Amino acid sequence: MAAHASAAVNEELNYLNWQKGIWSWLTSTDHKRICFLYLFAILFFFLAGGVAALMVRTELAFAGPQIITDPHTYNVLFTMHGVFMIFLFVVPGIPATLGNFLIPLMIGAKDVAFPRLNLFSWYVYMVGAAIGAVAMFNPVDTGWTFYAPYSTTTGTSVSLMVFAAFVLGFSSILTGLNFIVTIHQLRAPGMTWMRLPVFVWASYATAVIQTVATPVVGMTLLLIIAERWFGAGIFDPSKGGDPVLMEHLFWFYSHPVVYIMVLPAFGVVGEIIPVFSRKPLFGYKMVVISSMAIAAVGFIVWAHHMFVAGISDFSAKFFSIVTFLVAIPTAIKVFNWVSTMYKGSISFKTPMLYAMAFVFLFMVAGTTGIYLAMLGVDVYYHDTYFVVAHFHYTIQGGAVIGLIAALHFWFPKMTGKMYNETVSKFAFAALFIGFNLTFIPQFMLGMDGMPRRYYDYPAQYQTLHTISTIGAYLNGFGYTFALANLLWTALFGKVKAPRNPYNSHSLEWQTQSPPIHENFAEIPVVTEEPYSYGTPTGRGH
Amino acid sequence: MLGLLGQQGSDFAHKVDYAHDVVTILSVICTVAIVGVMLYFAVIYRQRDGKDHETPRIEGNNTLEVIWTVFPTLVCIWVAWLGYDSFVALRTPPANAMEINVTGRKWAWDFTYKNGKKTTGELVVPVDEPVKLVMTAKDVLHSFFVPVMRTKADVIPGRYTYEWFRPIQTGDFQVFCTEYCGNEHSKMLARLKVLPKAEFERWLADDSEARKLASLKPSDRGKELYVSKQCVTCHSLDGSPRVGPSWLKLFGKEGKLADGSSYKVDENYIRQSILQPQAKVVQGYPAMGMPSYQGQLSDDDITGIIEFIKTVDGTQKVEVAPALPKKSAASRAGTTPAERGKALVNDSGNLCATCHSIDGSPMVGPSFKGLYGRKEKLADGTEVTVDDAYIKESIYKPAAKIVQGYGPVMPAMYEGKLSDQDVADIIEYIKTLK
């Protein structure tokens, strides 16, 4: 590529070291530095949400009170876990970190379309996080779903917490807008839409959902505040309001938000598998179309969270049928990923292990999702541990595993260092086994009818809960170990990363590691598809 | 087929379970097939020498894309139909269904029958008859879930929702609240009792207790409950020490709690002690001595008990009706000794089930499950084997040999109340709980 020759003039200067000091980071409009600003912030909340989860699991290890002596504290902890993980960790998750870092690099741009708006989005996020932290002085006990009338009547600081989520929503909207404009306007010469890496396509679909759906939850959260402060009566049945309306409005955002979380992870897997299989992504067009289809259909399935919530039988039937429509593009993606490995030359670097684990975990997430789309079966499973296990397979097994895979895969580009393969694989094994050990027993608890959000439970459920808790500790250990390994290597690692350690064909690997401030010494000209691996005459193994 | 969801209690449960079986089998096949293919590719196309080998540039295959779009679509249509079909059964109560009104409130379930009979925490229905629950909530969202019936619906303030089922077998079944509703969400349980039809009719017609209670002034209502809810077992009216504090001049009393802080007995303290007995235990009394009455007493009941406690000045006497008539009826209920023992254990006059579970869960006393033949360590450090003699002694003289970790809380009230034959039957029953 054109970038090669001129970038070699000064390999030593890069985006990490061209300006120094904490202030240069806090005022930087460089998309790559903003990636790190987000990364540290979201990982802090990942840690906090994880600690809350482990306290919840510890309490549930055995029947009867264990470490938490009153149900209120327990309720606060599972709420904290949900709110931190969803609003502060997974939603910004991949888009705000890897999306920020990679989109300009992948399309051959110097930065995003609105660099200052990008930095502003981070500050908006931090303001939202700070408001959320203040709300912890009288922590919320509603669950992350804020269902009325419980949320409008409880004495905890719901108003502050939903205002925090409202502010965080703006950060998400602004990031989404920025990405949409960037992808439309800043593609390098020759980077046609059908040459965009699937990660960019997935980020594009995500950005559309962010900008369209997030305002709805913002409005809903303000209505909760209006209800609490002024007794507005929107959700209060004694004033002619309707608590079920709150559920509709909430899920109109919060179902699409699942795709905000998981679509970028689909993109990550679509990048990793071709590189380590040395094969073009199988059915590129179908993978792209299915991302956009998931984003579109995702908007009309929200009430499948409400089959037993008192909606009409007619709408339950409608939402069940459209929910099945999501299964089809999702299945297409899985088939294409697996087919990409056919006749490949496969190496098992850590990112590839994560990508293959993702395929398995997502199969479990997807098939258990089918149970919940089936009306009669969902009536049984609604609000049981089966649902808890299903969405953890989707969100943790999907979005979080995708993020960790991406952090490993692009680590050489981001830091200019190589991570330690042996340590990373060990951490992967702990995390993978721990995860399954946590949530497979929860599927079984759901089959036995164990309801979720229970501080205590009948003794018949104890064995499965104990196993689940052991798994949770192993899972937490795996994450800590994987991330500590990356942090350690980034700071003290000795092995310098080459420009393109995996011999990848996509654009971000063609500039130096780490890239210079404006990414490319010269704007590259794209002449090939991003996955042009293999030869027309190659016969495979 | 697979029986993953456990016992089927309603006539449509098999439809739900069939749909569940189909999707389980399909899911396992799909997951194993796809992950299997992935692992197969991973093995046979792995780099053997750590170097890239030449690969073909395969960019896709339209036939395959069509196959794996159409095939999942067909499967989805079938599976969606199964879900739809079972849902229609769940949502279509027969016109002749018996309606029972259900009210959810923080944190108990109230049931009202057409003839005015009311219960709290216990839904009694006849077997083989369709029952439609017409439900609403007093405060926040709740959800009425009967796993064995495979049905559930949210219970919403300001509107009515319904669910129905036709029980196909008698027995006691668990009811959960499955919509998060605050602090005692996990204690918002109820029992579904399915009775033979004739027995149900008798139960429904017998409203003497409720009518009597409703006609009484609050303090008299409390006095009735003092006996019928077995408060009398542990709380005296004359100041004599029993398992719990005496109610003599209790109201307004001040003192120290187990954790050293001080308390004053007022309305809220009594209410909390009834619903959450472990929250504020008075110094010198066992921490786990009293079971919670959450869900078993209505608000009016609790007010009645409070009013009654206010009146206790040492002049009150209550007739503790000998439980013998009831008990003897129960003891004849079964045909084998173990069945008679079971009836005795479950007999509300004997109260065994208040403190001893039969499923292994720890309550105030040791669970009966797996008890017989077990070696237990006593509070004084010695070991005993649970045999006939030990159980008999424990029933007649509960304080004699207390297992480590449990308090001296079992009342010595069974000598004379239970015959030797009764005790032998109970032992036979415990033997069956392995």
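**A colleague's note on chains A and B**

1. Let us start with one residue. Leaving aside residues up to four places away in sequence, Gln66(A) touches Thr58(A), Glu59(A) and Ala61(A). Please keep in mind that this is a predicted model.

2. Where does Gln66(A) sit in chain A? You will find Gln66(A) in the loop that runs between helix H3 (31–60) and helix H4 (71–90) of chain A. Gln66(A) counts as partly exposed because it has 14 C-beta neighbours inside 10 Å, while a buried residue would need 20 or more and an exposed one 12 or fewer.

3. Next, a pair of helices in chain A. Helix H16 (residues 385–409) and helix H18 (residues 421–447) of chain A have axes that come within 8 Å and cross at roughly 165°. Angles over 145 degrees count as roughly antiparallel, so H16(A) is roughly antiparallel to H18(A). The crossing of H16(A) and H18(A) is left-handed.

4. Which residues make this contact? From H16(A) they include Tyr385(A), Phe386(A), His392(A), Tyr393(A) and His408(A). H18(A) brings, among others, Ser424(A), Phe435(A), Phe439(A), Phe443(A) and Met447(A). Sorted by class, the contact of H16(A) with H18(A) has eleven nonpolar and seven polar residues, and no charged ones.

5. Now to where the two chains meet. Chain A puts 81 residues into the contact, and chain B puts in 76 residues. On the side of chain A that touches chain B, the elements giving two or more residues include H4, helix H10 (243–254), helix H12 (284–297) and helix H14 (350–373) of chain A. H13(A) gives the most to this side, with 13 residues. What is the make-up of the side of chain A that touches chain B, by nonpolar, polar and charged residues? The residues there divide into 47 nonpolar, 24 polar and ten charged.

6. Finally, chain B as a whole. Its secondary structure comes to twelve helices and 14 strands. Chain B has a radius of gyration of 28 Å, whereas a compact globule of 434 residues would have one near 22 Å. Along the principal axes, the C-alpha atoms of chain B fill a box of roughly 95 × 60 × 50 Å.

7. Of the 434 residues in chain B, 31% are buried. Among contacts in chain B between residues at least 6 apart in sequence, 61% join residues at least 24 apart.

Note on methods. Residues numbered from 1 in each chain as written. Chains lettered and ligands numbered in written order. Predicted model: local features only at pLDDT ≥ 70, side-chain atom pairs only at ≥ 80, totals over all residues. Helix = DSSP H or I, 4+ residues; strand = E, 2+ residues; numbered from the N terminus. Contact = placed C-beta atoms within 7 Å. Nonpolar A, V, L, I, M, F, W, Y, C, P; charged D, E, K, R; others polar. Axes fitted to C-alpha atoms, helices over the stretch in contact; angles between N-to-C directions. Parallel < 35°, antiparallel > 145°, perpendicular 65-115°, else oblique. Left-handed = near helix turned anticlockwise from the far one by under 90°. Rg over C-alpha atoms; globule rule 2.2 N^0.38 Å.
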